[in-house]
Amino acid sequence: MHGVFDIVGPVMIGPSSSHTAGAVRLGLMARQVLGEVPVKAEILLHGSFAQTYRGHGTDKALVAGILGFAPDDERIREALQIATRQGVKYRFAPVSLEQAHPNTAILALTGASGRVTRVRGASVGGGNILITNIDGYEVELTGAYPSLITIHRDRPGVITQVTQILSRYEVNIAFMRVSRRNRGETAMMIMELDDVPAEEVVEACREVCDVENAFSIPPVG
């Protein structure tokens, strides 16, 4: 059964929910993961994105998200010019990926501090997105919930300590996924939450032994 939102679609600047609203959210999510103002964006486009990105405004939408615009922001139409005025460099290139959704993009962002992040995700319809890889970690992140992300050593007890902190502050976990590159090395844990965690919660997670970093990102759009 479909709700009204599923039938009508998201509030957005057109022409397409997948190629515009979803693309904005992909760019915005990559910006949130970077955690600072981007100064450079290398954007690889797969499938339908690569074939139609100019005609459907996907290029403007992705850059708009990288600039921090919401899907209904009137400035989306001028996003490329705004990026140029703000000194944000961007480049688009096609890429062929195996078993990937046709509306997939890989966004490599560089921040003002020199920090770099690489985010892969797809616009899956109706303005919805699915992030599938962050900096080499396989993930499943929709951006529909507030999220808490930790980078930590892959050792027993770390996850328990972090979840106990959330329990102590009465923060409920809606979904959780842990990904690691190799056993015993670093791992990424993504917790999609019912509520935005307070900064003291995030700071408490950072103080856990073997947690290298912890940060929260708000829902996008």
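**Exercise 1. Describe the salt bridge between the side chains of D210 and R155.**

Solution. The side chains of D210 and R155 meet in a salt bridge, 3.0 Å from N to O. A salt bridge here is a side-chain nitrogen of Lys or Arg within 4 Å of a carboxyl oxygen of Asp or Glu. The model is predicted: local features need pLDDT of at least 70, side-chain atom pairs count only at pLDDT 80 or more, and totals for chains, interfaces and linings use all residues. Residues are numbered from 1 along each chain as its sequence is written, and side-chain values use heavy atoms, with hydrogens and water left out.

D210 lies in the loop between α7 and β10, and R155 in the loop between β7 (147-153) and α6 (158-168), so the pair ties together parts that are 55 residues apart in sequence. Helices (H or I, at least four residues) and strands (E, at least two) are DSSP runs, numbered from the N terminus.

D210 is partly exposed at 21% relative accessibility, and R155 is partly exposed at 43%. Buried means under 20% relative accessible area, exposed over 50%, and partly exposed in between (1.4 Å probe, protein chains only).

Last, check the backbone. D210 has a positive phi of about 80° although it is not a glycine. Most residues other than glycine have a negative phi.

**Exercise 2. Where do E203 and R206, which form a salt bridge, lie?**

Solution. The closest N and O atoms of E203 and R206 are 2.8 Å apart. Both residues lie in helix α7, 3 residues apart, about one turn of the helix. E203 has a relative accessible area of 33% and is partly exposed; R206, at 29%, is also partly exposed.

**Exercise 3. Which residues are linked with E42 in a network of salt bridges?**

Solution. The network links K40, E42 and R91. Within it, the side chains of E42 and K40 meet at 4.0 Å, N to O. The whole structure has 9 salt bridges.

**Exercise 4. Characterise the interface of domain 1 and domain 2.**

Solution. Start with the bounds: domain 1 covers 20-135 and domain 2 covers 147-217, as given by an automatic or database domain assignment. The two domains bury about 420 Å² between them, 71% of it on carbon and sulfur atoms. Buried area is the accessible area (1.4 Å probe) that two parts lose on being put together, summed over both. For charge pairing, the count between domain 1 and domain 2 is 0 salt bridges.
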